[in-house]
Amino acid sequence: MNRRRAVNGFMTAILWASAAFLVLLLLAILIYVGVNGRQPLSWEFLTEPPRDSMTRGGISTPLVGTMQLVIVSMFFALPIGVVTGLYFAEYSRDGLFTKILRLAIRSLAGVPSVVFGLFGLSLFVVTLGFGSSLLSAGLTLGCLTLPLIVTASEQAFRAVPQDYRDASYALGATKWQTIVKVVLPAASSTVITGAILSIGRVAGETAPIIFTGAAFYAPDIAKSLFDEVMALPYHIMVLATAGVNIEATRPIQYATVLVLLALVLGVSSVGVVMRRRLRRSGR
Amino acid sequence: MKGNVQIRSQNVNLYYGPAKVLKDITFDIFDHTVTALIGPSGCGKSSWLRCLNRMNDYIAGARVEGEILIDEHDIYARDTDVIALRRNVGMVFQKPNPFPMSIYDNVAYGPRLHGVRSREQLDGIVERSLRGAALWTEVKDKLTSSGIGLSGGQQQRLCIARAIATEPKILLMDEPTSALDPMATARIEELVRDLKKNFTVVIVTHNMQQAARVSDFTAFFLLGELVEYEVTTKIFTAPDDKRTEDYITGRFG
């Protein structure tokens, strides 16, 4: 009896400690980065490009570049991902083709991001001739996030109650009319939430863009899809490993990390809040 | 009391894969009447109802034999336009299922599908349908608010309004009050009696008092067969078949 109680107490403590460790780890990262990166942080830091071999100035070019990459990748991945999700939810039958497709998407989700980088290099940069550019890097990131968007939108479409479809059919709607007028509107907010969550992933990736379009240094933001871009994650790597004077850029590195973290966590929490709102509204 | 035949079911057999769900269902339903389909769960009454607007088409492996004629046209014939059929045969489901859109858009959904674009015309249809479903006075000042925000009984009347907005001749109701409280149920029943002025109503119900209250004719289904089809007063006072009597007196089911 006592032994059982002791084991119970011990296990409870271990589980609690593991959870606490996780929270502490996150807090430690945030505090460490916050303390070290707080000093250069200012409005100017966000709105000015790097100067003096990146030892001074701000991060406006990589910040804008990351946003551009997100936009390009979403323009590519969102339509394809949503349509594929729609196919899975509304049209696919449990045949061999569907199984292969599902396996492909699941595998795609498990492919290391550096492999996406090499794939993007050979397909977009070389074969299709887009060169090292915003377009190539954005498309590569789009491929990376495609499985996430497919899965999220399939689930969103499946969550639309069959009752709605029945009602629509009974009123004489075709399948396509039902999808356009009932299923898509009912699922749209959930789909958008999924997309927002995948933006966080896109913004933070380094490996896929190194070979495909991220610039070590660019004097200005990309003016066309075929320009190279600076991006926050790659900028951090450059500052930390390849700068002219790594020690001098230390505070800038941390401040950049802080901005990237804030961006990713900010975007993700918008997604989480939206998702919770949706759940609470009871659909 | 008998008028023109509107729905003629001739030797209808329904299969779900290898399982035979309906056996040789033959009877006629007359226009501008309310016909109640009663019977224990799984007896096939809902399945037969869903043959009438071909909602069984969506069930994999479902197959219909025999003929169902609506206004003398075989609805399972090759040249049948299912969309036109469903415009002519409206349906109200067990659980109120308004779309997550405004009250107005819910009612206008069917007419819009069938090509009505003019705002003026739609306004007229929406008002007429909501009046027809005894909901107009309650919602006329909030047509743009969501249909989901209404009470269960109001939602079901909205679904009735939505179903009659395409001006069908026949209205199918699949246990329309089973998810509603007694007050809301009473209102729907009152409405059903009213609806037969303009529509032929076929209503599936688990509730025998409801069948007795609202219907002119009653069909008793058991194990996929039509046991008895008679004028409601007759079936509830002097049924011909022993099984019918046992069921309505509550000996089984």
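## Ground rules

Residues are numbered from 1 along each chain as its sequence is written, and chains are lettered from A in the order in which they are written. Because the model is predicted, local features need pLDDT of at least 70 and side-chain atom pairs count only at pLDDT 80 or more, while totals for chains, interfaces and linings use all residues; side-chain values use heavy atoms, with hydrogens and water left out.

## Chain A at a glance

Let us start with the overall build of chain A. Along the sequence, the pattern reads α-α-β-β-α-α-α-α-α-α-α-α-α. The C-alpha atoms fill a box of roughly 70 × 70 × 35 Å along the principal axes.

Of the 283 residues in chain A, 42% are buried (under 20% relative accessible area with a 1.4 Å probe, protein chains only; exposed is over 50%, and partly exposed lies in between). Among contacts in chain A with a separation of 6 or more, 76% link residues 24 or more positions apart (contact means heavy atoms within 4.5 Å).

## Two buried residues in chain A

A:Thr212 sits in the loop between α9 (207-210) and α10 (232-241) of chain A. With 0% relative accessibility, A:Thr212 counts as buried. Its side chain reaches the backbone oxygen of A:Pro208 at 2.7 Å. Leaving out residues up to four places away in sequence, A:Thr212 touches a set of residues that includes A:Gly117, A:Leu121, A:Val125, A:Ser132, A:Ser136 and A:Thr140.

A:Ser198 belongs to helix α8 of chain A. A:Ser198 is also buried, at a relative accessible area of 1%. Apart from neighbours within four places in sequence, A:Ser198 is in contact with A:Met74, A:Thr145, A:Leu148 and A:Ile149.

## Where the chains meet

At the interface, 16 residues of chain A are in contact with 22 residues of chain B. The two chains bury about 1,600 Å² between them, 67% of it on carbon and sulfur atoms (buried area is the accessible area, with a 1.4 Å probe, that two parts lose on being put together, summed over both). One salt bridge is counted between chain A and chain B (a side-chain nitrogen of Lys or Arg within 4 Å of a carboxyl oxygen of Asp or Glu). A:Asp163 forms a salt bridge with B:Lys95, and the closest N and O atoms are 3.1 Å apart.

On the side of chain A that touches chain B, the elements giving two or more residues are α7 (162-170) and α8 (175-204). The largest share, seven residues, comes from α7(A). By class, this side has eight nonpolar, five polar and three charged residues (Ala, Val, Leu, Ile, Met, Phe, Trp, Tyr, Cys and Pro count as nonpolar, Asp, Glu, Lys and Arg as charged, and the others, Gly among them, as polar).

## An enclosed helix in chain B

Helix α3 (residues 103-113) of chain B is largely enclosed by the rest of the structure, because nine of its 11 residues are buried. Among them are B:Tyr104, B:Val107, B:Tyr109 and B:Leu113. The cover over these buried residues includes α7 and α8 of chain A, together with α4 (119-132), α5 (136-139) and α6 (152-164) of chain B. Just after α3(B), B:Gly115 takes a positive phi of about 100°.

## The sheet of chain B

Four strands of chain B form an open sheet in the order β2-β1-β4-β5, with antiparallel pairing (two strands pair if DSSP finds at least two bridges between them). The edge strands are β2 (19-30) and β5, each pairing on one side only.

Strand β1 (residues 5-16) pairs with β2(B) over eight bridges, and B:Ile7 stands opposite B:Ile29 in β2(B). Strand β1(B) also pairs over eight bridges with β4 (residues 62-70), where B:Ser9 stands opposite B:Ile68. Two bridges join β4(B) to β5 (residues 73-74), with B:Ile70 opposite B:His73. β4(B) and β5(B) form a hairpin with two residues between them, and B:Asp71 in the turn has a positive phi of about 50°.

Note on methods: Polar contact = N/O pair within 3.5 Å; in protein donor to acceptor, adjacent residues only side chain to side chain.
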